[in-house]
Amino acid sequence: WAESYDRDMSEIFAIQTEIASAVANQIGAAISPSADDQKFSKPEDMEAYHLFLRARQAIDRGQLLLDEWSVARTLLLNALEKDPTYAVAWAYLARVEAGFCHFNWDRSDERLNAARRAAARARELAPGSAEEHLAHGYVFYWGEKRFPEATREFEAALELRPADVETMEALGFVARREGRYEDALQWLERATGASPSDWRLAFNLSETLNILRRYEESLLMAERAITFDPGAPAGYSQRAIVLANSGRPYKALESIGDFPRETETTSSFTARLAMAMLDTEVAREAASRMPDYAPEQFNDMSGLLTRAFVEWIADGSDAARPAFERAVENLRGVVAAKPDAANPASLLALGLAALGEHEEAVATAEAALDLYPAGQDMWVRDSRNWDLARVLLLCGRTDGAEKLIRSLCSAPGSSVSREFLRAA
């Protein structure tokens, strides 16, 4: 059975319903469009719809990329200028604003409040809809790290749309942040079964399998993410991370040459990996491309501190001391501006340890475990514990460092592995 449809673009929503009904009739199924579909799929302005579609594309392609995320935000704001009652655009704007907090690009009160306002507007326009539940769920998850509340919102959305891939993925994400990695894997596998060619699902499955130390399966999923979207950098980064964690750091470093574009994050990863293998030439060149400081989700970047460590490896601690002093001065300023943030505190602790300020270094690294987001987010906490282990080593407290490293390597996690430590 086949049928042709010829309509004006302005009738796109009517034709969607017509086609769905025709297909359902042919296969003997019943279809009853929900109020949710009606509220969210019919903007008053067609240009607003096109802007929304372009924003979704930027979100899908731009996972972990600030520039793409910023483009998506601008497109959504433009769509809402065209149609201020377009509820789905408000719902997605809430996610994007909360994403700036989650990816640690901007955790200001202004940004978080913008996410809350957008979610509230979506609820006002379409109360009880799946999309507004998702919007509030992401504000709780990405914006506030209130995981039980986020789970309740995502579960409410799934009740309304039981086969929705995005909602299953979201439930997996929250489980991952709570340290329920097996539950996260089950949700992501269920979502992948419904959408097997989605590069983002393959990428997130690879991340989760890597946490569970199922490296070969994780590598396969990273390769699949690259195959599904060769232009998205995240798949390549994930492949390099898995290669390193599985004990193939030289292969990981080699694979970085395949990245479709270089970012500050890839430069940071390259520098850290090259330092672990004592390749100071590659490490120095990569570190030179890093900013003096930039926030990131798991490990903030400090080009000053990285360059100091490269100099230490190459020329010794005395030669590197002035560089460490500059890095520590910079990081003290960051910590003063962000006293509740775990990531810069950990970097400061590493710099202090290198300068011989052992007591302050250990105290700072330990305190970071209770700061945002390490105090709530078990996956990020894994990275802060690895920083603490390195601080203990730098301070000569080898017994404490060994105990912590053994604990990190025996539990699910992605910050360090036995295989990497043996190979590096």
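Here's a quick look at two helix pairs, α15 with α16 and α11 with α12. Keep in mind that this is a predicted model. In the α15/α16 pair, the axes sit 8 Å apart at an angle of about 160°. For α11 and α12, the angle is also about 160° and the axes are 8 Å apart.

**α15 against α16**
- Helix α15 covers residues 264-276 and α16 covers residues 280-287; angles over 145 degrees count as roughly antiparallel, so that's what these two are to each other.
- The crossing of α15 past α16 is left-handed.
- On the α15 side, Ser-267, Thr-270, Ala-271, Ala-274 and Met-275 do the meeting, and their partners in α16 are Val-282, Ala-283, Ala-286 and Ala-287.
- Sorted by class, that contact has 7 nonpolar residues, 2 polar ones and no charged ones.

**More on α15**
- With 13 residues, α15 spans 19 Å from first to last C-alpha, close to the expected 18 Å.
- Its buried residues include Thr-266, Phe-269 and Leu-273.
- The buried residues of α15 pack against α13, α14, α16, α17 and α23.
- Just past the end of α15, Leu-278 has a positive phi of about 60°.

**α11 against α12**
- Helices α11 (residues 199-211) and α12 (residues 215-228) are likewise roughly antiparallel to each other, and they make a left-handed crossing.
- Among the α11 residues in the contact are Trp-199, Phe-203 and Leu-209, while α12 brings residues including Tyr-215, Met-221 and Phe-228.
- The tally for this contact is 10 nonpolar, 3 polar and 2 charged residues.

Notes. Residues numbered from 1 in each chain as written. Predicted model: local features only at pLDDT ≥ 70, side-chain atom pairs only at ≥ 80, totals over all residues. Heavy atoms only, no water. Axes fitted to C-alpha atoms, helices over the stretch in contact; angles between N-to-C directions. Helix = DSSP H or I, 4+ residues; strand = E, 2+ residues; numbered from the N terminus. Parallel < 35°, antiparallel > 145°, perpendicular 65-115°, else oblique. Left-handed = near helix turned anticlockwise from the far one by under 90°. Contact = heavy atoms within 4.5 Å. Nonpolar A, V, L, I, M, F, W, Y, C, P; charged D, E, K, R; others polar. Expected span 1.5 Å × (residues − 1). Buried < 20%, exposed > 50% of the residue type's maximum accessible area, 1.4 Å probe, protein only.
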